[in-house]
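Please look through the model below before reading on.

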Amino acid sequence: MAIEDDDRPRKKVTHEIGQDLSLLSVEELTERIALLTAEIERLREAMSKKRASRDAANSIFKS
């Protein structure tokens with residue numbers, strides 16, 4: 001009984017900065033862009049929260 005590719009769990013998409021992109025398909029590149037875009041948004045949200053926390057602390061200590 002042959003195992004179909006669709007039955008196998010998909011390998012989680014990861015991206016390494018500087019990775020050789022020549023072997024990736026257009027679909028794989030599109031997945032990477034979506035992955036990295038979501039990560040950028042997550043980083044921006046974390047940065048925003050940290051700034052708000054820092055600004056709140058600064059306002060307390062500058063009084």
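Which residues line the largest pocket? The lining consists of Arg-10, Lys-11, Lys-12, Val-13, Thr-14, Glu-28, Glu-31 and Arg-32. This is a predicted model, in which local features need pLDDT of at least 70 and side-chain atom pairs count only at pLDDT 80 or more, while totals for chains, interfaces and linings use all residues. Residues are numbered from 1 along each chain as its sequence is written, and side-chain values use heavy atoms, with hydrogens and water left out.

A pocket is found on a 1 Å grid over the protein atoms alone, as an open set of points with protein on both sides within 12 Å along at least five of seven lines; its lining residues have an atom within 4 Å of a point. The volume of the largest pocket is about 230 Å³, taken as the space filled by probe spheres set on the points. Its lining divides into six charged residues, one polar and one nonpolar. Here Asp, Glu, Lys and Arg count as charged, Val is among the nonpolar residues, and those in neither group are polar.

The protein has one helix and zero strands; helices (H or I, at least four residues) and strands (E, at least two) are DSSP runs, numbered from the N terminus. Of its 63 residues, 3% count as buried, where buried means under 20% relative accessible area, exposed over 50%, and partly exposed in between (1.4 Å probe, protein chains only). The accessible surface comes to about 6300 Å², computed by the Shrake-Rupley method with a 1.4 Å probe. Carbon and sulfur atoms hold 57% of that surface.

Two salt bridges are found in the whole structure. The term stands for a side-chain nitrogen of Lys or Arg within 4 Å of a carboxyl oxygen of Asp or Glu.

| Salt bridge | N to O distance |
|---|---|
| Arg-42 and Glu-39 | 2.8 Å |
| Asp-55 and Arg-54 | 3.7 Å |

Arg-42 and Glu-39 both lie in helix H1 (residues 26-61), three residues apart, or about one turn of the helix. Arg-42 counts as exposed because its relative accessibility is 51%, and Glu-39 is partly exposed at 31%. In the other pair, Asp-55 is partly exposed at 44%, and Arg-54 is partly exposed at 47%.

Gln-19 lies in the segment before H1. With a relative accessibility of 28%, Gln-19 counts as partly exposed. Leaving aside residues up to four places away in sequence, Gln-19 touches Thr-14 and Arg-32, contact meaning heavy atoms within 4.5 Å. Thr-14 and Arg-32 are also among the residues lining the largest pocket.

Key. On a 1 Å grid over the protein atoms alone, a cavity is a set of points where a 1.4 Å probe fits but cannot get out, and a pocket is an open set with protein on both sides within 12 Å along at least five of seven lines; lining residues have an atom within 4 Å of a point.
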